[in-house]
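Subject: Structure handover

Hello,

Here is the structure we talked about handing over. My notes on what was found in it follow below.

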Amino acid sequence: MGKEFRGTIADEPDFDAGSDAEALYNAMKGFGSDKEAILDLITSRSNAQRQEIRAAYKSQYGKDLIDDLKYELTGKFERLIVGLMRPPAYHDAKEIKDAIKGAGTDEKCLIEILASRTNEQIHNLVAAYKDAYGRDLEEDVIGDTSGHFKKMLVVLLQGTREEDDVVSEDLVEEDAQDLYDAGEAQWGTDEAKFIMLLGNRSVTHLQLVFDEYQKIAEKSIEDSIKSELSGDFERLMLAVVQCIRSRPMFFAKRLYKSMKGLGTADNTLIRIMVCRSEIDMLDIRECFRLRYEKSLYSMIQDDTSGDYKRTLLKLCGGDDDIAGEFFPEAAQIAYKMWEISAMTRVQLRGTVHQYQNFDPASDAQALRKAMKGFGTDEDTIIDIVAQRSNAQRQEIRQTFKSLFGTGSHG
């Protein structure tokens, strides 16, 4: 893993499994339990370290730590703490088991997990499911779903998506055309083509295919899926496309939906906070801040309470609404520019030339002003971005960074 770490929970440097096990034992001993001590300890250890604590606990006390936690804790807080104690693959396996057992299926949970996991995570999940329940995950999914939805889930369960360095230049246009021919271009839809391409091509390859598709169809692949497919199959394919475009943005949207409006979809909130805390929580926070103009931290704070809230906030890590906290406005500008250039790329081919009276500093100031305060003055942004050449836009970005730092450090 050469990539920099983007999670919020990492290994505790001065780690001693034995003394942690003892601390947890003491926190649960006697009448009532010290919930704060439990959550503080568990959220400041990585998952790998929690597995060592669980082993030490069994050696020292002859009991299973998870069983004891379940006995001592209740409700959402229990679900969250126990979720953190399971190895990631076993946590996924448990979520899927719960989603397909009994009457009715929680399709949203199946979709979220199977659309967003890497090949390796899928293989580990299948093995963990077999180990924990002595059952075959694919058979259980087949027994519980039907139609194209079932077929796509089976494809995803194979964990055979091409790895990311696989991009076949000559295939990009062909795949885009095939998707167009399979849906928009004909009466009826060739779902098998959607399943095959979206289930097997590499992420980078598909990102290029989606760009090409936009040119051919003059609408996004998402819009085509919405008009061509329906039901759970449509929801699954949309999730797959969103994860291919940006996993962190996919999770940011799911988190927002889990908390907006009345009530909270706690299972979704818990699952995402647990699963992404050591993977890409920082990126999710950044996407959340961009898209909803408020921080994930503040939304959790307004929406939850007690020890449950404290634990979630520790997994979240920081509040991006606090002035100067890691969210650079420059990133916001870059994102808006990218969004606008993506929207206008189709029309703009070859019409943007160097702007004559170019002053990067005043452009940067104008852009910052257009994004400050409540809402965004999109006209100003579009005017500036659409009338500068790419080289000039890069200069504005640099100037913006140097003028305003990587945020506003008061």
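Y213 is part of helix 13 (residues 203–217). Please keep in mind that the model is predicted. Is Y213 buried or exposed? Its relative accessibility is 0%, so Y213 counts as buried. Beyond its neighbours within four places in sequence, Y213 is in contact with A176, L179, Y180, E184, E218, K219, S220, I221 and S224.

In soluble globular proteins, nonpolar side chains tend to be buried together. The largest nonpolar core here has 96 residues, and the members that touch the most others are L69, L198 and M273. Helix 15 (residues 231–245) contributes the most to this core, giving 9 residues.

What does L198 touch, leaving aside its neighbours within four places in sequence? L198 is in contact with M152, R161, L206, F210, I225, M237, V240, V241 and I244.

Then the aromatic residues. Searching the whole structure gives 9 aromatic pairs. In the pair of F288 and Y292, the ring centres are 5.1 Å apart and the planes lie at 55°, so this pair is tilted. F288 and Y292 both belong to helix 18 (residues 281–292); because they are 4 residues apart there, about one helical turn separates them. Both residues, F288 and Y292, are buried. Elsewhere in the aromatic list, Y25, Y57 and Y61 form one cluster.

Last, the open space. Rolling a probe the size of a water molecule over the atoms shows where empty space is left. The largest pocket holds about 1600 Å³ of space. It is lined by 50 residues, of which T118, Q121, R247, R276 and I279 are the closest to its centre. Which helix supplies the largest share of that lining? Helix 8 (residues 119–133) does, with 5 residues. Sorted by class, the lining of the largest pocket is made up of 19 charged, 18 nonpolar and 13 polar residues.

That covers my notes.

Regards

Key. Residues numbered from 1 in each chain as written. Predicted model: local features only at pLDDT ≥ 70, side-chain atom pairs only at ≥ 80, totals over all residues. Heavy atoms only, no water. Core = buried A, V, L, I, M, F, W, Y, C linked by side-chain atoms within 4.5 Å. Buried < 20%, exposed > 50% of the residue type's maximum accessible area, 1.4 Å probe, protein only. Helix = DSSP H or I, 4+ residues; strand = E, 2+ residues; numbered from the N terminus. Contact = heavy atoms within 4.5 Å. 1 Å grid on protein atoms, 1.4 Å probe; cavity = no way out; pocket = protein on both sides within 12 Å on 5 of 7 lines; lining within 4 Å. Points joined across faces, edges and corners; volume = space filled by probe spheres on them. Nonpolar A, V, L, I, M, F, W, Y, C, P; charged D, E, K, R; others polar. Phe/Tyr/Trp six-rings, centres within 6.5 Å; stacked < 30°, edge-to-face > 60°.
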